Amino acid sequence: GCTGGGSSGADQKSTLTVLTPSSTFLIDPASSQNLATTSLSFLDRRLTTWDVKKGQDAKVVPDLATSTGTAGDDGKTWTYTLKDGLKFSDGSPITSESIKYGIERSFSDQLQGGLSYHKTLLEGGSDYKGPFDGESLDSIETPDAKTIVFHLNKAFGDWPWIASMPAFSPVKESNGNPATYKKAPITSGPYKVQSIKDGTSVTLVRNKYWSKATDSVRTAEADQVVFQESQNQNTVVQNLVNDTGSFKTAFGAQYLGASDLAAVNGNPSAKSRLATSQAGPIQYLAINTRRGDLQQLKVRQALEYAVDKKAYLVASGGSNAGAYASTLITPGIAGRQDYDLYPAPESGDVAKAKSLLSSAGVTGLKLTLLTQNDAASLAEAQAIQQGLKRAGITVTLKTEDVDSFSTDVAKSNPDFDLALSSWQPDFPSANANISPLFDSSQIGNGNFNLSQYANKDVDTAIAAAQAEVDQTKAQAQWAAIDKRIMQDAPIVPLTYAKNSFLHGSGVGNFFIPSFPAYPDYMTLTIEQ
Amino acid sequence: MTAVRFLAYRLAGIVLVLLLVALATYLVFYLLPADPARLSCGKPCTPENYAAAQRYLGLDAPWYGQLWNYLSGIVTGRRFGSGTGVVDCPAPCFGYSFQLSTPVTELILTRLPVTASIAIGAAVLWFVAGVLGGTLAAVRRGRALDRAIMTVAIAGVSAPAYLVGLLAILLFGFTLGWLPTGGYEPFTEDPVGWFVHLLLPWSALAFLQAAIYARLTRSEVIDQLGQDHIRTARAIGLTERAVVVRHGLRNALIPVVTVFGLDLGGLLGGAVITERVFSMQGLGSLLISAVGTTDLQTVVGVTLFAAFLITAANFVVDVVYSLIDPRVALG
Amino acid sequence: MTVLRHLRHDPWALAGGIVVLLFVLAAVLAPLLTAIPGQDPYRYHLDALDDSGAPRGFGGGISAQHWFGVEPLSGRDLFAIVVYGARTSILVGVGASAASVLVGVAVGLVAGYFGGWVDRVVSRVVDVMLGFPSLVFMISLTAVVAASFPKPLLIVLIIGFFGWPSVARVIRGQVLSLRSRTFATAAEAMGAPAGHVLARLLLPNVGASIIVYATILIPASIGTEAALSFLGVGVPPPTPSWGRSIGDAVAWFRVDPAYLVFPGGALFLLTLAFNAFGDGLRDALDPRVSRGRRSAATPVVDDRVVPNR
Amino acid sequence: MTEGAGSPVLAVRDLVVAFPGGAGRVVDSVGFDLHPGRVLALVGESGSGKSLTAMSVLGLLPPTASVSGSIRLEGEELLGADRGALRRVRGGRVGTVFQEPMSAFDPVYRVGDQVAEAIRVHRGGRRAALRARVAELLAAVGLPDPRRIAASFPHQLSGGQLQRAMIAMAISNDPVALIADEPTTALDVTVQAGILDLLRALAAERGTAILLITHDMGVVADLADDVLVLRRGETVERGPVRRVLLEPEHPYTRELLASVPTLVGGDVPASAPAGRPVAVLEQAVVSYSRRGRTLRALDGVDLEVRAGEVVGLVGESGSGKSTAGRALLGLAPLADGGASVEGVNLRRAGRRARREVRARIGTVFQDPASSLNPRTTVGWSIAEPLLLHTDRSGDQREERVAELLDAVRLPRDFARRYPHELSGGQRQRVAIARALALDPALLIADEPTSALDVSVQAAVLDLLADLQARLGFACLLISHDLAVVRRLADTVVVLRDGRVVERGPTARVLSEPADPYTRRLLAAVPVADPGLQAARREERRALEVQP
Ligand SMILES: Nc1ncnc2c1ncn2[C@@H]1O[C@H](COP(=O)(O)OP(=O)(O)OP(=O)(O)O)[C@@H](O)[C@H]1O
Ligand SMILES: Nc1ncnc2c1ncn2[C@@H]1O[C@H](COP(=O)(O)OP(=O)(O)OP(=O)(O)O)[C@@H](O)[C@H]1O
Ligand SMILES: [Mg+2]
Ligand SMILES: [Mg+2]
């Protein structure tokens with residue numbers, strides 16, 4: 001070891017470093033879309049959280065609450081009781097009012113942008129404008145300091161999952177001003193914020209009032225967690241491959257691109273430190289079902305056959321980066337059934353596509369494909385382009401930066417025929433897989449039914465499945481809906497992406513659960 | 001023109017230019033397809049959420065109204081939200097970043113040290129290297145040294161900045177492991193770390209600029225060495241070195257210094273590619289990421305700041321010009 | 001022609017000119033050149049790639065069919081991409097420079113000739129534009145314009161738009177000193193209208209520097225196009241572009257250095273050649289004019305045309 | 001050279017300077033001796049090798065030049081001497097004074113500092129001591145208020161002041177020899193006279209040997225003891241100044257002397273009958289504002305040029321001569337008073353009328369090299385007025401250009417040449433042809449010969465006189481050279497600081513000047529006869545002591 005001097009004493013703090021390309025760490029839970037297993041969960045606890053284990057489906061488990069929720073009134077009322085002895089990082093007790101206040105904040109104008117499923121479900125939510133002017137949301141009741149009751153406007157079986165979202169974190173009313181909060185949040189999780197260097201780093205240190213006894217998920221082994229922001233992905237990968245110095249106890253928060261994967265594959269030491277998810281988020285080609293020839297089912301079906309999924313998969317990084325997809329519900333979601341309505345070789349069935357087109361009476365089809373302009377998306381879009389070209393379909397690429405893309409793709413009358421997109425459900429239920437993409441209420445206005453797919457039968461079936469509290473019954477319903485939608489061919493499922501992450505040799509228990517396709521930050525260990 | 005009138009005239013000019021810049025920036029971004037309200041609307045995006053985001057971002061006003069709000073905010077300051085959630089942006093408020101929920105002034109102030117460190121260090125490096133190289137080449141005009149320096153210089157102006165930076169990282173950062181591959185340490189916290197982290201960005205940025213300055217200096221020095229007063233300097237028995245430095249270079253520096261002032265002013269507004277390549281969070285990165293997230297107010301604020309630096313640099317250059325060239329009077 | 005004679009004695013410039021010529025030829029004859037190995041820049045060769053999308057074999061898959069190897073992730077022929085990329089680069093470089101020179105010369109002539117407030121306004125605008133974070137605005141502008149607008153033309157216009165100020169500055173400086181030369185006064189004394197002086201006297205006299213300037217602007221524009229493509233807002237794929245290839249290749253450098261070497265080398269070589277040729281031309285035409293006081297601040301050929309730093 | 005007693009300070013033998021390429025030997029076997037207290041003048045037309053000869057003494061030739069022969073300074077060989085030795089000589093034992101004092105000083109340093117630098121290089125010294133020495137030197141060259149001069153930047157001083165400072169710099173280390181390359185060419189005659197006095201005093205009082213380079217025979221007569229005439233790099237004639245100027249042996253020398261315009265002898269043109277007034281200035285005032293101050297370049301000038309008449313406008317530099325011409329062209333806006341040409345009032349005329357008036361005026365500018373567009377053919381330049389003011393066809397224009405070339409006695413095929421392919425005299429003829437293209441009623445000739453060699457100058461003046469006699473236009477001849485005016489003008493108008501101080505028939509004004517200013521101006525013009533010039537010098541001195 002190092003014999004330099006006494007400075008590297010035994011009491012040296014263990015530091016976990018997270019290398020992220022993002023330049024901002026949105027600390028406010030009210031406007032966060034963070035997964036329950038990543039960054040923000042270091043700081044905040046929610047009513048419920050996710051328990052993910054290698055090789056097992058994700059489960060929703062109690063966090064601050066003693067249970068995942070008790071449904072009443074056929075799933076329209078949900079009641080939670082808080083555990084004993086919960087404290088904020090300033091030593092004050094966590095009460096049900098502070099959770100209510102946290103949720104209320106997410107309704108305010110200033111704190112938009114987070115996961116907002118609860119806002120449409122809570123009764124009176126659409127008129128509520130947040131707590132800052134003294135108003136409160138009556139559909140959240142706090143009969144005592146440890147009990148909180150939610151009144152929904154419709155039955156919703158997945159509410160326990162909703163209660164795991166960032167907005168369900170407690171916020172002290174004295175700490176609620178958005179400007180103060182983001183500089184010095186009073187937290188409920190195992191860590192609190194020590195310093196924030198804008199755009200550069202955020203350092204977390206232990207919250208001594210967090211007690212492991214009340215937390216069934218977080219292990220919080222590191223004494224300190226440092227988020228190194230604005231990292232160049234290339235540099236991150238190279239540093240992690242080299243595995244020296246502080247990079248030993250670091251990992252990259254961004255999944256590896258095709259070139260990074262190729263580089264890691266050629267380096268056995270690095271390869272052993274690569275964690276690859278199972279096939280997960282669906283990558284798909286959305287077909288705008290309201291445009292021109294694409295209104296015809298046969299034309300859309302022709303696309304299903306014409307697409308060259310092999311070129312697409314290679315373009316996204318080969319077999320390390322995904323597996324061929326044919327269904328809407330992604331692997332890792334309970335109740336998924338595998339099927340393929342449009343069986344074809346990996347490179348597609350050009351002949352079949354052509355015959356479908358000619359039977360639809362369509363020739364010289366010209367389509368625009370909307371895609372983001374980063375290197376990876378462009379490579380994938382070109383793979384689609386050349387695939388369809390084989391069937392005589394001319395595709396023009398329309399490339400946009402990520403924001404314009406997000407805006408344009410989610411407009412009410414979008415200006416594209418095809419769009420490349422992907423979907424990672426916000427919680428591991430087929431509901432989160434299907435309803436945001438195919439429910440007709442999710443067309444336009446910034447929502448994600450990119451195919452403009454509207455089918456009354458499907459809408460009704462989705463509503464029924466959502467209201468079903470019995471999970472096994474619900475799962476069967478979702479599987480049926482999946483197939484029903486694919487008969488209409490509103491999208492071409494391309495691949496289920498596999499996300500790969502690289503970590504230093506000093507980071508232990510680094511794995512990627514079947515859902516979500518991200519490493520679980522909460523249970524990492526530090527080996528020095 | 002008297003000094004006071006000159007000053008007033010230039011100040012009015014600066015304000016006018018800045019107003020035009022603000023107008024242009026607002027227009028460009030107004031036309032941009034990306035909709036900030038939609039982007040900060042949350043998931044799923046309901047009409048209520050969307051309206052709330054629009055209200056908060058001030059996007060419910062027409063673009064000129066927004067511009068007016070922005071401009072008047074500089075004088076009066078602005079407040080967002082209400083009740084216990086109110087957020088203040090005190091005057092002079094050069095915008096408020098909703099994405100980062102921080103006043104733009106504060107953002108600029110925290111990012112400026114990074115950019116200034118890059119820009120000033122690189123500027124010193126390229127100025128010294130460029131002027132030295134250019135002078136040597138001019139004195140040895142047509143000889144091997146001139147050829148060598150000009151070959152490097154021409155390669156320097158031909159090499160894309162991003163390539164030089166990336167190759168430098170690959171070589172010195174990864175292959176040799178001598179220097180860190182990116183990031184920034186504040187000087188106040190770790191002077192050595194500051195220097196070590198900046199060495200590569202300085203060199204990468206200075207390589208291109210030094211090449212330009214070497215070429216510029218060379219042609220100016222050659223030009224000066226052909227002037228009559230050089231003959232006088234030789235005729236009074238000055239050493240060749242004194243002739244070149246005291247009379248040739250001193251005069252050649254006048255145009256070089258003016259260009260230098262403008263370059264430095266431009267660079268302080270953000271060294272976009274350098275910051276991006278070296279993962280440094282200066283004004284350039286701030287601006288690029290603000291463009292990326294359609295953070296309009298930040299874009300306008302930083303652009304205004306950059307434009308201000310340019311016009312200020314112009315002003316300083318004019319003043320300096322009148323100081324280093326006795327033939328020139330302000331006006 | 002003395003210019004040609006001069007250039008003949010300048011090996012650098014000569015080499016530069018020849019390399020430029022070769023590139024132009026390659027670009028023009030791209031279909032013929034790539035037909036020799038039987039390639040085009042659009043066809044995928046997935047069999048040339050391994051499981052992770054990286055090219056198989058030595059030097060990024062160099063072979064008799066693929067002279068420069070193949071592109072990772074698609075297996076497209078890199079030689080064809082580089083040769084066709086030359087079309088994009090040269091077209092954009094020349095087009096954008098032409099646009100810059102056109103506007104810059106017009107503005108510079110007018111500002112230098114009329115002087116007064118016209119000149120003051122133009123000078124300020126030029127100064128601000130030179131220091132503007134132009135790359136950022138190029139990025140936003142590419143997004144602003146309707147998608148139906150042809151993208152290559154848009155790139156040309158945008159680069160041209162940000163290129164004119166440096167031209168205008170130089171031309172203005174020259175016109176300022178030309179205007180005080182006796183032959184301009186003589187024309188005025190003859191009763192020549194402004195149009196005559198501008199078009200018949202001043203324009204021909206700045207002609208030499210316009211040519212020289214164009215040759216220096218072209219490599220700068222090529223570099224800017226590459227930088228834009230590098231940032232993902234250049235000419236849309238699958239049209240080959242060196243900048244996009246370089247941008248992609250940087251990430252692949254560790255696995256497949258050849259992917260960076262060929263387009264990067266081509267870009268560097270062409271830029272270098274244009275610069276060398278431009279320098280030689282500048283010496284040959286030697287547009288050095290006697291300088292006025294303020295215009296002494298304006299180098300005859302302004303090197304500050306490289307916007308990306 | 002027989003007159004030089006004792007050993008020469010500087011002995012040049014068989015000097016050959018050659019350049020690679022077409023130029024070949026530009027100085028060919030030139031030799032001379034320089035003796036203490038004596039002035040040797042090197043004369044010859046432009047390009048004859050005068051400057052190169054002088055520069056080779058100090059090793060200041062361009063690096064491309066190859067030199068052979070011998071140059072000995074007090075017995076020490078300078079040709080091929082090492083750099084250090086040469087440097088000690090430069091500015092030490094040999095001082096130099098250059099033409100164009102404006103550009104011979106470094107614009108960014110104070111004049112005093114530059115003089116001090118010259119001393120410090122050779123002798124060192126502390127600041128204060130240097131400063132005192134500089135002031136002393138500046139006073140010695142006749143500069144009043146030496147401290148102010150020392151603290152000034154070159155652009156803040158006049159040409160005469162700078163040239164004196166230059167001489168102060170050259171003598172700062174008490175040189176044994178002084179090289180003066182055209183030391184007075186750019187200066188006014190009155191200033192020139194002062195500088196020449198100063199140089200003469202140097203030779204007489206300090207015993208400095210002076211090598212004087214000039215093309216002005218008057219200057220030679222005024223200052224030189226010996227003369228050496230160069231032609232295309234070769235020595236044509238040499239000898240004591242009296243002999244060479246008064247009894248030239250070589251035809252070239254004779255030709256050179258014959259073409260010198262003179263203030264004495266020869267004939268003054270008889271006053272032509274006065275026609276109608278073509279151009280009139282009435283109480284004209286033109287003012288320029290510069291750095292907040294206004295300067296009246298013309299301050300109530302009355303001027304009338306009648307058809308068929310040549311009016312000579314003379315005065316020192318900056319007296320407003322060119323401004324008067326510009327006022328008649330409408331190029332300098334009048335602040336007060338009136339200007340009219342051919343009855344058109346220029347102050348009130350609109351843009352169109354003004355252009356039409358300009359079509360009636362031909363202008364010949366001072367500098368033939370720069371008054372023609374370098375990018376177009378000579379033919380195009382001559383045709384330019386036709387293009388602007390007539391609707392003649394291309395053929396007709398060509399025809400007219402040919403006529404005009406005939407008129408100025410140039411071959412017709414010159415129309416296809418470019419200005420740089422012509423000599424200075426030829427270019428000036430082209431400029432005259434252009435001025436005549438539209439048969440002007442008024443010809444304004446602003447210093448039409450000042451940039452030309454004497455021989456060429458004479459030819460151009462003859463041509464002008466001839467054309468004026470034939471075509472009968474009114475002519476305003478602007479010149480600082482009284483001899484030139486004497487040769488052409490019927491009437492002379494003398495300007496000083498924007499005011500007319502004297503006017504009248506040429507013969508009268510130049511022979512019996514009424515105004516003291518005119519008298520001083522006349523007296524300061526050197527004539528190419530050493531004896532006569534010595535007498536004129538005394539006259540001038542007498543004038544100077546008068547207030
Ligand atoms: N650097 C050079 N290269 C080639 N030829 C030169 C160079 N310098 C001077 N010459 C030529 O040498 C000849 C003599 O030049 P020099 O300057 O001595 O003439 P000069 O007698 O001083 O003329 P002027 O009266 O015009 O000053 C000219 O024909 C000139 O063209
Ligand atoms: N454009 C101008 N702006 C300011 N001052 C001017 C301008 N033109 C001339 N002057 C000044 O007006 C005065 C008269 O100038 P003008 O050119 O008429 O003199 P000149 O008699 O022709 O002298 P020279 O013999 O040197 O040509 C001078 O002091 C000159 O500096
Ligand atoms: Mg000479
Ligand atoms: Mg004049």
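This is a predicted model: local features need pLDDT of at least 70, side-chain atom pairs count only at pLDDT 80 or more; totals for chains, interfaces and linings use all residues.
View 1. A polar backbone atom of D:Gly320 sits 2.9 Å from an oxygen atom of ligand 2. Two side chains also take part. D:Lys321 places a polar side-chain atom 2.8 Å from a ligand 2 oxygen. For D:Thr323, the distance from a polar side-chain atom to an oxygen atom of ligand 2 is 2.4 Å. On its own, ligand 2 has 630 Å² of accessible area, and the protein covers 67% of it.

**View 2. The shell around ligand 2.** The shell holds 13 residues. Among the closest are D:Ser317, D:Gly318 and D:Ser322. By class, three are nonpolar, six polar and four charged. Strand E11 (277-290), strand E12 (293-306) and helix H12 (321-329) of chain D each give two or more residues. H12(D) supplies the largest share, with three residues.

**View 3. An open, mixed sheet in chain A.** Five strands line up in the order E8-E9-E10-E1-E11. Strands E8 (191-197) and E11 (250-252) of chain A each have a single partner strand, so one side of each lacks a neighbour in the sheet. Neighbouring strands are turned by 20° against each other on average, direction ignored.

**View 4. The pairing of E8(A) with E9(A).** These strands run antiparallel. Six bridges join E8(A) to E9(A), which spans residues 201-206. In one pair, A:Ile196 has A:Val202 of E9(A) as its bridge partner.

**View 5. Helix H5 of chain A across two strands.** H5(A), residues 233-242, lies across strand E1 (15-19) and E11 of chain A. The helix runs at about 140° to E11(A).

Notes
Residues are numbered from 1 along each chain as its sequence is written. Chains are lettered from A and ligands numbered from 1 in the order in which they are written. Side-chain values use heavy atoms; hydrogens and water are left out. Two strands pair if DSSP finds at least two bridges between them. Helices (H or I, at least four residues) and strands (E, at least two) are DSSP runs, numbered from the N terminus. Axes are lines fitted to C-alpha atoms, for helices over the stretch in contact, and angles run from 0 to 180 degrees between N-to-C directions. Contact means heavy atoms within 4.5 Å. A residue is near a molecule or strand if one of its heavy atoms lies within 4 Å of it. A polar contact is a pair of N or O atoms within 3.5 Å; within protein, one must be able to donate a hydrogen and the other to accept it, and residues adjacent in sequence count only if both atoms are side-chain atoms. Accessible areas come from the Shrake-Rupley method with a 1.4 Å probe; for residues, only the protein chains shown count as cover. Ala, Val, Leu, Ile, Met, Phe, Trp, Tyr, Cys and Pro count as nonpolar, Asp, Glu, Lys and Arg as charged, and the others, Gly among them, as polar.
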